[in-house]
Amino acid sequence: MQSYIQQQNGIFPSVCSLDCPDQCGLLLHKRDGKIVKIEGDPNHPVTKGMICNKVRNFHKRIYDEKRLEYPLKRIGKKGEGNFTRISWEEALDTIASRWKKIIDVDGPESILPYSFYGNMGYLNAEGMDRRFFHRLGASRLERTICSVAGLIGYNYTMGGSFGIDPEDTIHSKLIIFWGINAVSTNMHQIALAQQARKENNAKIVVIDVHRNQTAKFADWFIPIMPGTDSALALGIMHILFAENLTDDEFLQQYTVGHNELKEHVKQYDPKTVAKITGVSVTDLYKLARLYGTVSPSYIRIGNGIQHHDNGGMNVRTIACLPALTGQWIKKGGGAIKGNSDYLAHNAKVLQRHDLLRNKRTRKINMNAIGEALNFIDPPIRSMFVYSSNPAVVAPNGSLVRRGLEREDLFTIVHDLFLTETAKYADIVLPAASSFENTDFYASYWHHYMQIQQPVIEHYGESKSNVEVFKLLAEKLGFEEEAFQETEAEMIAAALDYPGNPYLKGISYDELVQKQYIKAEVKPLFPGRLKTQSGKIELFSKKMEKLKLPPLPTYIPLVNDGDGPFQFVAAPNHHFLNSTFANNQMHQSYEKEPILHMNQKDAVQKGIEDGSMVRVWNHRGECRLKAAIGENVLQGVVVTQGLWEGTDDRNRLVNTLTPDRLADMGGGAVFFSGKVDVEKD
Ligand SMILES: Nc1nc2c(c(=O)[nH]1)N[C@H]1C(S)=C(S)[C@@H](COP(=O)(O)OP(=O)(O)OC[C@H]3O[C@@H](n4cnc5c(=O)[nH]c(N)nc54)[C@H](O)[C@@H]3O)O[C@H]1N2
Ligand SMILES: Nc1nc2c(c(=O)[nH]1)N[C@H]1C(S)=C(S)[C@@H](COP(=O)(O)OP(=O)(O)OC[C@H]3O[C@@H](n4cnc5c(=O)[nH]c(N)nc54)[C@H](O)[C@@H]3O)O[C@H]1N2
Ligand code: SF4
Ligand SMILES: [Mo]
């Protein structure tokens, strides 16, 4: 049979490669060898043919005239964006010879890979690259920018990334979107909630610092002060225990520490909690009683609450709530923070951990990249950036860009576009899009694994991550068979993993045949969790050992003393992180970067709706357009979207965000910073 690539015309199955929980099944329409239309695969059991506007237009990105076609070498100043075409041979020779010199003088740890999930395919995001950098002995990057604090927090309570099956949420009667802007970031959860609302009369509650699109979709929107969600959850617990709204049989059978918790939450009385959170005593009672009486209830825990100094504890605390009312044993009851452990593959084999000879190779937290590029000792001499855009997405952006400006830093960027980061590169390599490669994908929300087989030829001279790291391995004389394996062999090996019983029946061959396969999931209860006790840990001995509060606790944000406003720079609807931010159509949908501010604050600061404002702190400044109203509480300002693609660096909101680390896992604290605002 002809491969998809060989067929010039037809409709081919595909999967969305973007870092989005929905991981939609797609159909690519091809005419004369080119993709002309992208639609959702109507047969995909969760995404059901609906896709977002971003990806409906993705073929325009694939064939964008700005897309990189061949390797480049810098001829202008760093950051300026002046390059000239070179051959792959010259590019690879330059990298190999510079790296050999660097390794001779400073050792391999002076080279740093920097990547994230511009493409979620495992071979390209954490397969061949890991093999290569392990073998090279480069510094290891801790990939902490997204969800690690919440992941670890959730695990203290639940023992792993295991929530309920989102397909079951059509049975929920109460759905709480907590710190998640799902209309923009998890649209199929909205569709399922809408179905529950229609069929079940489900009530939908949104708890957020911003009256965003998801808040408007809700039956009840509860605005809250940033970083105070654990206090709200503890206040709910206080009322549930006080009013006997708990499921004591469930607590007895499936949890540890409920007696200690009951005692502990007495301090979180409604008045105290109202003062911390900005949620009134009346609303707090209303919310707690709703949660204590409506069943099944489901909490969709978002990323927003964990991009804070106390982010891990926020998620750890909220994750305790479903146990109090015994939700986990009801269909459609429980929570999802993430579900990635259901589809866990054999990462050791895929990433070839054995190739890393020095197990103590230094680790660098990606959230502190600015600090690392400028101050770490011994210094980083070279950075290879792929599938990420740190000049825009990393916190404390001015410091990051100052690091990227270093003349002695040899920087390589592999991307589809000349991103803001690529402008600082010495060598730029063109990346193939996911539709041009073979890879396998697992959603971190629904339970389906999917495969991508190449549908179109590589654009220009572009190459996939897998290909680039194979070529570099060859140049550097790495002879291990790990660098010879085909994509099919890598997928087969990764999926051969008896360690994860949920993977039963999922193999490379089956995926090729079926396109998507569901994990063999069973309800979590009755059953044993992967916590120490096998139960839900309301009291965690593990945390106690690590000198963390063993019971859920409210810990205030760090006050960085930088002005009166809590600054939340969240994602927007039409970009995906900085992806699409360089595209005029997507920019025009979003119009321009704005700053939501409360009416009362605006009056006090003399700022009118629609006027330009200067937003600043000790890290730097931005210029944004003020939107005045009641979309945020007093003392809070919110902007959306990681804007780039213009020469105006005043819109790079991460200039203002702190690069401190969260309470757990070295997570990012994008939303815990403070700023001042004045009329421009
Ligand atoms: N359209 C679109 N979709 C995306 C992305 C995108 O950029 N654009 N990014 C993708 C990625 S990588 C991720 S990680 C996910 C993230 O998607 P989500 O899980 O939705 O997380 P965020 O959008 O970061 O934040 C969610 C909400 O948290 C709110 N928030 C901030 N601080 C607090 C707080 O202290 N308490 C409460 N209750 N709310 C708070 C913000 O106002 C925001 O509305 O989305 C993915 N999908
Ligand atoms: N202020 C603020 N900052 C944030 C966030 C926030 O909410 N607020 N969110 C944070 C979060 S949750 C995340 S996950 C990060 C995300 O940050 P990043 O992972 O850096 O995400 P993107 O900005 O989408 O950049 C991905 C890049 O990968 C490229 N790419 C796509 N496919 C491939 C491929 O196959 N190969 C190669 N080599 N390149 C490819 C794309 O063209 C794009 O330039 O941003 C974080 N930054
Ligand atoms: S970005 Fe998300 S919603 Fe849009 S097509 Fe991809 S997976 Fe689906
Ligand atoms: Mo993320």
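This is a predicted model: local features need pLDDT of at least 70, side-chain atom pairs count only at pLDDT 80 or more; totals for chains, interfaces and linings use all residues.
**View 1. Residues and polar contacts around ligand 2.** The shell of ligand 2 holds 32 residues, of which Asp415, Asn465, Ala569, Ser578 and Thr579 come nearest. A nitrogen atom of the ligand sits 2.7 Å from an N or O atom in the side chain of Asn465, and a nitrogen atom of ligand 2 is also found 2.8 Å from a polar backbone atom of Val393. On the oxygen side, a polar side-chain atom of Arg61 lies 2.9 Å from an oxygen atom of ligand 2. Taken on its own, ligand 2 has 920 Å² of accessible area, and the protein covers 96% of that area.

**View 2. Domain setting and composition of the ligand 2 shell.** Ligand 2 lies between domain 1 (72-143 + 343-430 + 462-484) and domain 3 (565-679), because both of these domains give residues to the shell around it. Sorted by class, that shell has 15 nonpolar, 14 polar and 3 charged residues.

View 3. Ligand 1 is surrounded by 31 residues, and the closest are Asp208, Gly227, Asp229, Phe575 and Asn577. A backbone N or O atom of Ile207, by contrast, lies 3.2 Å from a nitrogen atom of ligand 1. The accessible area that ligand 1 has on its own is 900 Å², of which the protein covers 96%.

**View 4. Elements and domains that build the ligand 1 shell.** Helix H7 (182-185) and strand S9 (203-208) are the elements that give two or more residues to the shell around ligand 1. At the level of domains, the shell draws at least three residues from each of domain 2 (164-337 + 525-545) and domain 3 (565-679). By class, the residues around ligand 1 comprise 13 nonpolar, 14 polar and 4 charged.

View 5. An unreviewed UniProt entry places the feature "domain: 4Fe-4S Mo/W bis-MGD-type" at residues 9-66. Over residues 9-66 the chain is 16% helix and 34% strand, and its end C-alpha atoms are 25 Å apart.

Conventions
Residues are numbered from 1 along each chain as its sequence is written. Chains are lettered from A and ligands numbered from 1 in the order in which they are written. Side-chain values use heavy atoms; hydrogens and water are left out. A residue is near a molecule or strand if one of its heavy atoms lies within 4 Å of it. A polar contact is a pair of N or O atoms within 3.5 Å; within protein, one must be able to donate a hydrogen and the other to accept it, and residues adjacent in sequence count only if both atoms are side-chain atoms. Accessible areas come from the Shrake-Rupley method with a 1.4 Å probe; for residues, only the protein chains shown count as cover. Ala, Val, Leu, Ile, Met, Phe, Trp, Tyr, Cys and Pro count as nonpolar, Asp, Glu, Lys and Arg as charged, and the others, Gly among them, as polar. Domain bounds come from an automatic or database domain assignment. UniProt positions are given in the numbering used here, feature names are shortened, and annotations may be inferred rather than shown by experiment. Helices (H or I, at least four residues) and strands (E, at least two) are DSSP runs, numbered from the N terminus.
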